[in-house]
Amino acid sequence: MLKQIFGGRILTPSGWLTGGSVIVEGSKIFAVETTELPIVDAERINVRGADIVPGGIDLHVHGGGGRDFMEGTREAFEVAAQAHLQYGTTSIFPTLSSSTVPMINAAIDTCREMMADKNTTIQGLHLEGPYFNPAQAGAQIPEWIKLPNPEEYFPILQRGKGVLKRWDEAPELEGSIGFIRACRVHDVLPSIGHTRAEYFQVHAANQVGMSHATHFYNAMPVVFKNREFKIPGTVESIFAEQTMTVEMIADGIHVPPMILRMAWQVKGTEQTCLITDSLACACSEGDVAFDPRVIVEDGVCKLADRSALAGSIATMDRLVRTVVQQAEIPMEDACRMISETPAKIMGIYDSKGSIQKGKDADIICFDRDQQLTFVMQAGQIVRWNKPADSSMYLY
């Protein structure tokens, strides 16, 4: 049965469309019409003035609903992914912090199994570590941090073929260039993170394919002084690399709203995406993280000794509210940074990231206060906040 979504402005690749409707057939978008006139035999979904935008794509998320992707089990993956789906994440790249090889292998196998379902929210695996600078470990488990070793990462890349989509690393480490090249050969996006790289190291890494920055501004230094001289930090070096994209934890805590706005102004919507970097305690009534060193305090995850932030409890809808209401970024750009930009970065824009004919029917809606009111994934309604009088919505 066809579904017709109407009653709000629609974010299309060319901008906002008012007075139109989105026609969904099965799991796909059948058409984007410039009229709201009823379609014969279609279920009509009136969103009552909400913004109709592409579903959120989270490139960096560790867990949710009380479960962590480091567990490596299908149950953990399903619970966490479904928990985030309720908050507008219609596509997800499960993320493992620095882990052991058996943990990585288990996650690869589970991810492959779940990706066999063409309508899954899971789009591929993301490894955050373990090849990091120990001085920028943050909440990473320090005993698992190491130098890149081809005898270790080549088998992982081969086992993860078609499943492993991204791997984060500090480019100042010995053997980094070889690691970056190996990732690119295996169609894995190498991303700079947990690093103290200076400009020449960032530039060299970018030249061989490291084109993305992990949780920009977090776990990387800004400009610093060496005696009387100023040295560009990793942050400024990434700004200087014009082809490098960035992701930011837009919970309003990891990155202050003013810096969120400044980074967006410099990098632009096309090179900036928003992530949750959320832990197991996100989308959950509990406050227990997978890592026993982590506590939840002040609306964010921290190491218990308060030496570092340790991930967020943010959800996709919160990212949009933060950048619109606190960073004063236009709604159109906020929505593109959770959909179009991450889809292009991860190479899935042919099926995700915009409301266009033939693409997956992953659609979410926000009211004028940026509150999530509707979630559709692969053509199925997951969430719909209707008033008591449902006749206001269905005609």
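Trainee: What makes arginine 383 a charge over the face of tyrosine 87?

Mentor: This is a predicted model, and in it arginine 383 lies 5.9 Å from the ring centre of tyrosine 87, over its face. The cut-off for the distance is within 6 Å, with a limit of within 35 degrees of the ring normal as well.

Trainee: Why is the pair of tyrosine 131 and phenylalanine 179 called edge-to-face?

Mentor: Look at two values: the ring centres are 5.4 Å apart and the planes stand at 80°. Tyrosine 131 is in the loop between strand 12 and helix 3, whereas phenylalanine 179 is in helix 4, 48 residues apart. Both tyrosine 131 and phenylalanine 179 are buried. They also belong to one aromatic cluster, together with Tyr153, Phe154 and Trp167.

Trainee: Is tryptophan 384 buried or exposed, and how do you know?

Mentor: Its relative accessible area is 17%. Buried means under 20%, so tryptophan 384 counts as buried. Phenylalanine 374, at 1%, counts as buried as well.

Trainee: Why is helix 8 described as largely enclosed?

Mentor: Eight of its 11 residues are buried, so the rest of the structure largely encloses helix 8. Among them are Met316, Leu319 and Val324. Just after helix 8, glutamate 328 takes a positive phi of about 55°.

Trainee: What makes strand 1 and strand 4 a pair?

Mentor: Two strands need at least two bridges to pair, and strand 1 and strand 4 have five, in the antiparallel sense. Lysine 3 stands opposite valine 24 in strand 4. Strand 1 also runs parallel to strand 6, joined by four bridges.

Trainee: What makes strand 8 and strand 19 edge strands?

Mentor: Eight strands form an open sheet with parallel pairing, in the order 8-11-12-13-14-15-18-19. Strand 8 and strand 19 each pair on one side only. Within this order, strand 15 and strand 18 pair over two bridges, which meets the cut-off of at least two.

Methods
Residues numbered from 1 in each chain as written. Predicted model: local features only at pLDDT ≥ 70, side-chain atom pairs only at ≥ 80, totals over all residues. Heavy atoms only, no water. Buried < 20%, exposed > 50% of the residue type's maximum accessible area, 1.4 Å probe, protein only. Phe/Tyr/Trp six-rings, centres within 6.5 Å; stacked < 30°, edge-to-face > 60°.
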